[in-house]
Amino acid sequence: MMSEGSSFMKGMILGGIFCLVMSFFETFNSGTHSEGHEHLHHHLKPVSKDELEKLSESQMSDWTLQVRVYCLIMVTPKLLVHWATANDTWSKHCDKSVFYTSESSKALEAVDLQEQDEWARLRKAIKHAYENAGDLRWFFVARPTTFAIIENLKYLVLDKDPSQPFYIGHTEKSGELDYVEYDSGIVLSYEAMRRLIGMFKDEDRCPERGHALWKTPEEKQLATCLKYSGVFAENGEDAQGKGLFNKKSVSSLISDNMGQNPADAVEACCSDMAITFAGMSPSQMQVLMYGVYRLRPYGHDFHDSLTFLPPKDSDND
Amino acid sequence: MYDLSNGGICCVLVLLIHQKRALWVTKLVPIKGSLSVSKLNSNILIVKNRRAALDLSQKVRVLCWVMTQPQHLKSRTQHIRATWGKRCNIVLYMSSEASDFPTVGLNVLEGRSQLYWKTIRAFQHIHMHHLDDADWFLKADDDTFVVLENLRYGLSKHNTEEPLYFGRRFTPFVAQGYMSGGAGYVLSKEALRRFVKGFADGLCTHNTEIEDIGLGKCMETMKVQLGDSRDVLGRQTFHPYPPNNYLPRQLPRPRPWYLLYEHYHPVEGPGCCSDLAISFHYIDAVQMHTLEYYTYHLRPYGYKYRFNPGERSENRNNN
């Protein structure tokens with residue numbers, strides 16, 4: 001009896017060692033996946049309508065609270081008109097919006113970071129936002145030349161847990177690095193922010209000021225620091241796979257799609273639940289504000305599972 | 001040996017299953033309470049209830065005629081056909097020549113000087129062939145963008161047997177005023193009858209090349225009333241220029257040239273325009289599709305609109 005048992009045990013141990021060796025081999029090959037990488041998908045989609053409908057009212061209100069957004073808008077006095085436009089339009093729909101500037105302007109309020117270097121400025125802003133987040137758990141970083149529809153951002157991250165690392169936007173590839181394009185806006189969860197700020201202390205892998213002759217754009221520096229802390233870029237898209245973050249203007253995208261079949265220009269262009277557009281003039285942004293929050297055909301009713309109220313003291317939405 | 005291999009296989013299996021589970025867990029989106037996300041489609045935000053709009057399209061039938069010409073069919077008119085044209089109960093593309101577009105040939109020449117002739121012939125054609133096919137008759141240019149649902153909503157409270165016409169009211173040139181041609185104007189059935197009768201009886205003549213002024217003068221002669229197309233908050237619905245002429249905020253200033261003809265006191269900035277706007281003009285092909293996208297596609301999920309006419313409280317600050 002004992003000898004049979006011990007044979008069995010020997011078999012177990014051998015098999016176990018075999019499997020351990022195999023799994024080490026695997027992680028060695030995968031390379032980019034480090035520990036902390038809880039989710040494999042690089043395409044991030046919103047929760048489906050069916051799932052939403054199944055949820056209870058209390059879960060709905062939990063999610064509505066959880067999904068509040070802190071907007072960091074990175075401005076400079078050179079972009080004063082766009083700054084004023086962002087201030088007057090989409091930023092009012094953030095639960096908290098803070099403008100971070102390189103130097104102060106008499107015309108508009110902002111947190112003056114007194115920093116000319118874009119990457120250093122972004123780091124300071126991120127630290128400031130994290131410290132002042134209160135109970136907000138989602139962060140959206142943009143320049144004032146971007147227009148964001150915050151309600152659709154909330155819809156995208158509605159069922160995602162901000163205590164997990166999320167780094168979302170329009171992703172591009174630079175060699176081995178997947179990064180989120182700055183112009184179309186960057187979404188970070190609370191956990192991603194926390195890890196990022198932890199990484200800021202690492203002067204080797206995430207330096208504040210690089211010593212290279214050429215400057216790496218801050219969007220790539222951000223991606224690198226995040227990658228070292230186990231946070232990877234994900235492309236935000238709708239259920240049909242259409243990108244929700246756009247680095248071009250609406251007219252540009254429509255114009256691009258007019259070529260083959262003009263009748264399909266709208267269908268091919270952009271998602272109904274688009275989150276961002278960039279490269280628009282201030283007056284185009286005012287028109288977009290009207291187009292998003294006001295202009296609509298009478299009688300088309302949507303019974304959305306969530307309700308977002310209009311902001312106080314605003315007359316253009 | 002048998003036991004050894006058994007043990008080995010058992011262990012390998014146990015470990016493989018453990019690995020697989022780890023993979024499954026990572027595919028689910030980790031959130032509080034662990035709700036697995038359905039991978040199926042159905043994230044299309046379908047319009048759940050278009051009843052109101054559908055009912056209106058049967059109760060308030062609109063015939064649209066678009067003033068166009070052969071050279072514009074590809075550069076302009078096809079974009080109307082691809083966007084709002086199909087929302088009319090009947091749409092007629094009026095040109096100097098008939099074609100497979102399809103266009104109706106009006107037996108006139110082309111050119112700015114012929115515009116009023118086109119209008120006269122168009123309405124005569126409609127009166128002869130389509131009088132009973134619709135309740136209201138809209139004229140638009142081939143660079144006008146129209147939101148039919150909002151037009152029907154605006155017209156629903158009015159009686160088409162009364163002599164009425166609606167649009168963007170201008171003051172000069174005609175004593176009672178007239179409606180801007182570019183912004184589009186709409187005639188009641190009775191107004192259409194009177195317009196055609198006016199020409200038949202010689203009370204109205206081709207006395208100008210400017211079609212909106214000409215039609216306005218004939219309306220005055222035939223005792224057709226100008227309606228007020230503004231919404232309940234006094235905001236305009238018909239617009240003779242694109243939205244970026246009106247929406248950007250301005251400091252108080254004397255009227256810019258494009259607001260000089262206005263009958264009602266013009267408002268610049270967000271108060272210019274109704275949420276339920278009916279038309280914009282000088283809209284090129286790209287803008288046509290852009291407005292289509294803004295009106296019928298792009299929207300903020302879950303947003304509770306401030307302006308809800310037809311609901312009990314029409315108060316803007318009801319949050």
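Predicted model: local features only at pLDDT ≥ 70, side-chain atom pairs only at ≥ 80, totals over all residues.
Me: Thanks! What is phi like at F173(B)?
Reply: Phi there is near 75°, a positive value in a residue other than glycine.

Me: And is F173(B) buried or exposed?
Reply: Exposed, with a relative accessibility of 54%. The cut-off for exposed is over 50%, so F173(B) passes it.

Me: Over to chain A: where does Q114(A) lie?
Reply: Q114(A) is in the loop between β4 and α5 (118-131) of chain A. Its phi is positive, about 50°, although Q114(A) is not a glycine. Q114(A) is exposed, at 64% relative accessible area.

Me: Back to chain B, which residues does a cis peptide bond join?
Reply: F101(B) and P102(B), with omega about 15°. P102(B) belongs to the loop between β2 (90-95) and β3 (103-105) of chain B.

Me: How many helices and strands does chain B have?
Reply: Eight helices and eleven strands. Of its 319 residues, 54% are buried.

Me: What does UniProt list for residues 65-229 of chain B?
Reply: An unreviewed UniProt entry lists that stretch as "domain: Fringe-like glycosyltransferase". In the model, the span is 35% helix and 21% strand, and its end C-alpha atoms lie 19 Å apart.

Me: How many bridges join β2 to β5 in chain A?
Reply: Five, and the two strands run parallel. Within that pairing, V69(A) has W138(A) as its bridge partner in β5(A).

Me: And in what sense do β8 and β9 of chain A pair, parallel or antiparallel?
Reply: Antiparallel, over four bridges between β8 (residues 171-174) and β9 (residues 177-180). S174(A) has L177(A) as its bridge partner in β9(A). The hairpin has two residues between the strands, and G175(A) takes a positive phi near 65°.

Me: Switching to helix α3 of chain A, which residues are buried?
Reply: M60(A), W63(A) and Q66(A) are the buried ones in α3 (residues 57-66). They line one face of the helix, because seen down the axis they fall within an arc of 130°. They pack against α2 (49-54) and β5 (138-142) of chain A.

Me: What does the face turned away from the buried side carry?
Reply: That face has the exposed residues E57(A) and L65(A).

Me: What about the largest nonpolar core: which residues touch the most other members?
Reply: W90(A), F140(A), F277(A), W84(B) and Y293(B), in a core of 106 residues. Helix α11 (residues 282-293) of chain A gives the most to this core, with seven residues. Beyond its close sequence neighbours (within four places), F277(A) contacts residues of both chains, including L253(A), L288(A), Y293(B) and L298(B).

Me: Last one, D161(A): buried or exposed?
Reply: Buried, at 9% relative accessibility. D161(A) is in the loop between α6 (150-157) and β7 (167-169) of chain A, and its side chain makes a polar contact of 2.9 Å with the side chain of S163(A).

How values were computed
Residues numbered from 1 in each chain as written. Chains lettered and ligands numbered in written order. Heavy atoms only, no water. UniProt positions renumbered as here; feature names shortened; annotations may be inferred. Core = buried A, V, L, I, M, F, W, Y, C linked by side-chain atoms within 4.5 Å. Buried < 20%, exposed > 50% of the residue type's maximum accessible area, 1.4 Å probe, protein only. Contact = heavy atoms within 4.5 Å. Arc of directions from axis to C-beta. Polar contact = N/O pair within 3.5 Å; in protein donor to acceptor, adjacent residues only side chain to side chain. Pairing = 2+ DSSP bridges.
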